[in-house]
Every structure is written in C-alpha cells, then in structure tokens.
Amino acid sequence: MDLQTLWFILIAVLFTGFLFLEGFDYGVGILLPFVAKTDDERRVVINSIGPVWDGNEVWLLTAGGAMFAAFPNWYATLFSGFYLALFLILIALIVRGVAFEFRSKDNHPRWRSLWDGAIFIGSLVPALLWGVAFGNILRGVAIDESMTYVGSFFDLLNPYALVGGLVTLSLFILHGALFLELKVDGVIRDRVKTIARRFWLPVTLLAVVFVVLSLFETDIRDNFNVANVAGLVIAVTALLWTGYSIFQARYGRAFFGTGLTVVGVVALIFGTLFPRVMPSTLGFDLTIYNASSSEYTLQVMTVIALTVVPIVLAYQAWTYWVFRKRLTMQSKLEY
Amino acid sequence: MDALTLARLQFGITTVYHFFFVPLSLGLSIIVAVMQTIYVTRGDEKYKQMAKFWGKLLLINFAMGVVTGIVQEFQFGMNWSEYSRFVGDIFGAPLAVEALVAFFIESTFLGVWLFGWDKLSKRVHLAAIWLVALAANVSAFWILVANSFMQNPVGYTIADSGRAEMVDFFELLRNPNVWLQFPHVALGGLTTGAFFVLGISAFHLLRGKASNLDAFRASARMSLIIGTVAVLLTMGFGHAQGQRMADTQPMKLAAAEGLWDSEDPAGLSMFQIGNEADRTSIVNIRIPSLLSFLSYNTPDGLVHGINNLQAEYVQQYGPGNYIPPAIWLTYWSFRAMVGAGGLMFVLGLLGLYYISRNRLGNGKPKWLLRLLILAILLPYLANSTGWMLTEVGRQPWIVQGLMTVDQAVSPNVTPEMLLISLIGFTIIYGLLMIADIYLLQKYARQDIDGSGNLIPWFGPDEPESGKKNARYEGAY
C-alpha cells in the first residue's frame, strides 16, 4: 500500500472519529430544547457532553489539518469551493462552542435562553451541512483543469445532497438520544427513550432513500469494491440492529449500533471515492495522487500520526471512563 | 473592494481577534497551574481559591481562543487556496502536528480539569491543568513553526510542478526564526497572563471589599514577579528578532524604522511624519547612530533603506512594488509594542518595590493600584501591534521571497462571497466580544470565596484594617 492510500484511510478514520463523537454531541445539542424543560434539566443535558465536546471537535480540526498536510490540493479545492457552506459551519461552531462555556456564567433567563438557542442552531446547522457536503463530494462537483471549483453555492443545494444532509441530521439526533439515554436519568431519560423509538424509522427510511438515489446520482454502480460493499453491509446491519435493540430496550447496544452505522457510512463514502478524493463533473478528478504532498512529507506525517493517534484514543477513552457516571438532578452540577 | 483586499482585511481582522485571546490562555493557564501546584503541595486553601477564581476567567477566555482558532485553520483553504496548494506540503504539516500533539491534549484535559475537581485525585487533577498549560504553549510552537516558514523559508525545494516541497522536517524545526519568535510569543503570553492577574488583583486591593484579600495580595505578588521577568525576557527576544530581521527581512526593518534611504551609521527615528507617496519624511526626530547600534551592537553599520531595497529587489525578483503598504502602520506598531513593553517593565519594577516593602495592598498606594488596573490593556496593545508589524511588514510577500499575497488568493472566491463572510465574522465577533468582556468584568469583580457576590466598580474604598497607612506584615 502506498502512502497516499494510507493517508486516505487515515483521513477516513479521523472523519469517522469526528462523526462518531461529535455526532452524538450535535444530537444532544439539537435535542436540548425538546428533552429538557427546566433550567436544571438543561444543565444536566449539557453536562452529559460538557467534559468531552471540545475534545470531540478536535477530531474535525485534525482531519482538516491532515487534509492540508497530506493532500493540499484536496484541502484547497474543497475549502475554497464549498466556501459559503463552510462559512455557515464555522459560524455555527463558533457560537456553539462559546455557548457551552458562557451559558452558565449568568443566571438571567434571557441570557440562558439566548445561549441555549445558540447550542441548538450551532448543532443543527453542521449536523445537516456535513451530510450535504459529503453528498456533493460523492456526487461530484464542477472542478476545472486548474483544480478549482467553478460551480456556485446553489449548485451544492441539489436534492441528492440535501437528502444526505437529512440522513446525517436524523442519524445524529438518534445517536445523541441514545447517548443521553445512557448518561441521564429520570424524566429526561423517559423523553429520550420516546424520541429514540420515534426516530429510528425515519432515519432508516432516509438512509434507504439515500442509498437508492446513490445508485443513480453517483457512479457507485461502476465502483463496487471491498470497502464500500462492506461499509454498506455494516451500515444496514447496524441500523437494523439499532432498531431491534431499541425495541428490546437495550440502549447500550443501540448506541453501539448507531456508532457502527457512522463507521459503515464513512467506509461507504470513502470506498466509493477511492482513489479519487473529489470527482469532477467536468472530467478533472482530484485523486489521492494529483492532490497529494511529496513522499517525504507523507513519510514524516505517517511516523507522527501512527505514533500519536493511539495515544489520543487512549486518553480520550480514559476521560469517558472518568465521567462514566449517570447524571441525575441530584448530581452536583459542576460547571 | 477587490477580492484580494477583502481577503487580506478578513485575515487581519480574524487573526488579530484570535490573538486577543490566545496570549492570555497561554500565560494564565501556567499561572493557574502554578497556583494549584502550591495548593496541592502545601495544602493551603487560599491557593485553591485562587486557582478556582483565576481558572474561571481562564475558561471564559479559553473558549473564545478555541472557536476563533477553527476559523484560522479553515481560512487558508477558503481564502488562500493558491497559497495552500503552493506550501501545503510544508505549512500543512505543522498545523496537523499541532492538532495531533497539542490541541487534542489541551481540549480534552481542559474538560477533565473543569469537571474533575471532585472526581479525580488531587495530583491527577493537577496534572490535567499542567497538561492544558503545556499543550497550549506547545500548540503555539507548532503554529510559529508554520509562521516562521513564511518569514524565513527553510528546508524546502521548489519542485517541477512549481510547488514548494519539504526536504527536511528538522530544518523547519531548527529555523532560527522560530527559536526567537516562539520564546517571544510564549513569554509575551506569560506577560499578558501576569498583568491580567495583577490588574484584577489591584482592583480588589484598591476596593478592599473582598472576603480574602490575602489571596489577592498573593496573586499580585506572584504576578508581579512573573510579569516583570517575563516582560524583560520578551523584550530581549524581541531585540534579538530585530537583529535577525536586519539580516533576513531588511525591508521589514526599514519599514518599522521608517528608514527611506540606506545609512551608515543609521540613526533611530523617535517620531516621524512621512510622505509615503514621495517616500520621504517630513518631520523626523532621530537619535544618531542608535539604529546601527541596535542592529549590530556597534556604533556604525549599514542599515538598508526602503528605496535602496526596492531597487535591489527589482533587480532580484523583477519589476514590481516590494514596499509594504501603509509604512506608518508598521512604524507605529513597532513603537506601540516597544513602548507598551517598556511601560509594563517600569510598572512591574514599581510594584515589586512596593510589595517587597510590604506596602502594596491595604488600598495603597492608590495611584499605583489604579495604574495597574489600566495596565491590563498594555499587553493587548503590544500583542496586536507586534503581529501587525510581523505580518504587514512582510508584505507584499506571503512567503518571504517566494510568493506574493496577490498570487495566493483563491481564484474562485468572489468579492461578494468574501464580503458576506467578512460582515458575518465581524458581526459575530463583535457580539461575542461584548459578551466576553461582560463576563470577564463580572467574574473579575466577584468575591474570591465563591459566593458570587460582586464588588462594585465604584464607591468608597475600604482598606481592610481600618488603620490607614499601616504596613502589612506577614501576609505572604
């Protein structure tokens, strides 16, 4: 396996980490106004992700940095091409991140509801737009011979990509609801159980629609390989397993199921793209070879990444262990 | 306005704004970690109160630094795609390493520290804040490795494709620029943290209403020692950077000094009103030979002027304008930075004098305490103007000698798109600044006992002992 392939896989892994982890805390942010009615309840819900959301978000920054280092042309084309979409994501991430730290610092009800609103919007927008972005990458966009995206913002809002957005949005809501089920207790827990039961079917239907549309909107039919077929099988099985577990009231298993669905979806997307990173509708595909850094940079980065990523996984896992206890209204609400 | 101007304006605004928060996080995290170390080793509850009090302010500030940092990472690709393609090999690597080895630790353990007071043993919890502090500074190191490449490119070759490619990773790390710039920035951060703590402590000592003034006296003493030493070292590394600049970026030095024509020996301009169109000065008050001395440690030595360098660069790089825009900005930024640094050093010495004689606190000396409150602004002024000098003075280059900014901008991003994002960021940043300052002043005025009682800004001061002018004995 060459280093370009290794880095393509590594970036897929970083996105998997990001979507798995940040996926549930987007979900929790979106569910905040629906499952928590009082200020204390909202505090419990926010505290369920309080110690970890920031670390989760670094997976995105690392994926972005890795793209920049390993595939500068991918980074440059994607970020300048999806300009306004990324601008909206940035604004969302800014207000969301600040809101987590600022909301508790004043007890005026309007101050609190302002930041609670920021958490909701700041979680909703990226949860939707990441799906739209990946849908567009998979479908192919207008990239010219100088590797420049020449389409418009509105070209990105095609029905296929929007369905992709709804898939990530609904999947993250379900993922977040199941996470909350494991972390909180009492009335909030009852509410998220109801939401998990109601959301499973829409998620599954949207996923089916997306896969069917993919057969026509992308070139997946000519590109079946081990990775995307395995990804598809994993995603479908995991989603069915999630549904089964929810109706058996085995929520730990169900959460594992939505997590595995994320893994499967990323494998499906990256497997279909390979060896391209951004297919072009104009015939100038960006591939892992014409977008990549020099061999030397890839070698250096490989040594660093393969050493550090396992350590990151270890200490992040440790933090989840430290904060494993279920939060109740009686918990000391430290913030 | 054209896309290039808007993209530059956006980079300037978002970067200066980002760096409003970063230095305080760099320095204050270390100071909080020191306080908590004293608490854990000596078991002195006062230091726990201090770590919690200053830690709250750190958290408010940290969040802003983190979220504005995301914009920094994204905007190279968004606004400067040609730059990203050209240097991605070299510039992307330190950014990725920064995320992997520093930012992950910082973000993960900040959460652990914030929520872990009662869940972890004292020592593990202490380790968490030290990891945050160290990782934040390591993070700054990697960002400056990337920035140093823009100031002084090393360890690269220009490939057949026209792209810069890395040939030696360790040469990037050995870049002489980074080993002056990083200490300068890290110590500048420590200075910022120290004068922040000092100014707020001065407020409480002046008002005399907090329940535990000892904690603020201890904070003032610690920050005076740290701040005075740090600002002196910052100036020392800054001076060394200036000397290197004479060698590697003479145009930046000439702009910073407003030196139009080469001179040997060169005088140091103290106050200048220049005519940038004619490239001459109208009013210029100078100290003879001092610039040569500062540049080379000898009373004479040729310092290159803007006009001579321009002619030289036309020979070297072909026709073009190699003079930074707005010389006045570079010139006055330099003076503001140095002036703020010198002023902080003087205030630090004054404070040390008073505190060593146990005469700081007890609401006295009023004038000094008031000055120290105002001095919170000085490091912010120095930090912002320092970066303006560094980045504006490098223009028109984005990578010194290799690529200019007009070659670097994204070709497909229209002025309209840039205007939307510029206005969007400016509005959001403006609103967040209001919220941030509101919270900082609120938490700075809180009593240190955790009761949440606010000390009013104005009103009669209450020296704690009632005995005015009494020396404070044995409080430390």
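The following legends describe close-up views of a predicted model, covering the two domains of chain B and the interface of chain B with chain A.

**View 1. The two domains of chain B.** The domain assignment divides chain B into domain 1 (3-247 + 324-445) and domain 2 (250-317). The C-alpha centres of domain 1 of chain B and domain 2 of chain B are separated by 30 Å. Where the domains touch, 22 residues of domain 1 of chain B are in contact with 20 residues of domain 2 of chain B.

**View 2. The area buried between the domains of chain B.** Domain 1 of chain B and domain 2 of chain B bury about 1,800 Å² between them, and carbon and sulfur atoms give 60% of this area. B:Met245, B:Ile327 and B:Tyr331 account for 31% of the area that domain 1 of chain B buries against domain 2 of chain B, more than any other three residues.

**View 3. Polar features of the domain interface and the elements that line it.** Between domain 1 of chain B and domain 2 of chain B there is 1 salt bridge. B:Glu257 and B:Arg335 form a salt bridge, with their closest N and O atoms 2.8 Å apart. The two domains of chain B also show 12 residue pairs in polar contact, both residues being at pLDDT 80 or more. On the side of domain 1 of chain B that touches domain 2 of chain B, two or more residues come from each of α7 (213-248), α11 (327-356) and α13 (377-392) of chain B. The largest share, 7 residues, belongs to α11(B). By residue class, this side of domain 1 of chain B comprises 11 nonpolar, 8 polar and 3 charged residues.

**View 4. The interface of chain B and chain A.** The contact involves 70 residues from chain B and 67 residues from chain A. About 6,100 Å² is buried between chain B and chain A, with 75% of it on carbon and sulfur atoms. Of the area that chain B buries against chain A, 13% is supplied by B:Arg85, B:Phe104 and B:Phe115, more than by any other three residues.

**View 5. Polar features of the chain interface and the chain B elements that line it.** Chain B and chain A are linked by 1 salt bridge. B:Lys442 forms a salt bridge with A:Asp106, their closest N and O atoms lying 3.2 Å apart. There are 20 residue pairs in polar contact between chain B and chain A, both residues being at pLDDT 80 or more. The elements of chain B that each give two or more residues to the side touching chain A are α2 (45-79), α3 (81-115), β2 (164-166) and α15 (415-445). Of these, α3(B) provides the largest share, 24 residues. The side of chain B that touches chain A consists of 44 nonpolar, 15 polar and 11 charged residues.

Terms used:
Residues are numbered from 1 along each chain as its sequence is written. Chains are lettered from A and ligands numbered from 1 in the order in which they are written. This is a predicted model: local features need pLDDT of at least 70, side-chain atom pairs count only at pLDDT 80 or more; totals for chains, interfaces and linings use all residues. Side-chain values use heavy atoms; hydrogens and water are left out. Domain bounds come from an automatic or database domain assignment. Contact means heavy atoms within 4.5 Å. Buried area is the accessible area (1.4 Å probe) that two parts lose on being put together, summed over both. A salt bridge is a side-chain nitrogen of Lys or Arg within 4 Å of a carboxyl oxygen of Asp or Glu. A polar contact is a pair of N or O atoms within 3.5 Å; within protein, one must be able to donate a hydrogen and the other to accept it, and residues adjacent in sequence count only if both atoms are side-chain atoms. Helices (H or I, at least four residues) and strands (E, at least two) are DSSP runs, numbered from the N terminus. Ala, Val, Leu, Ile, Met, Phe, Trp, Tyr, Cys and Pro count as nonpolar, Asp, Glu, Lys and Arg as charged, and the others, Gly among them, as polar.
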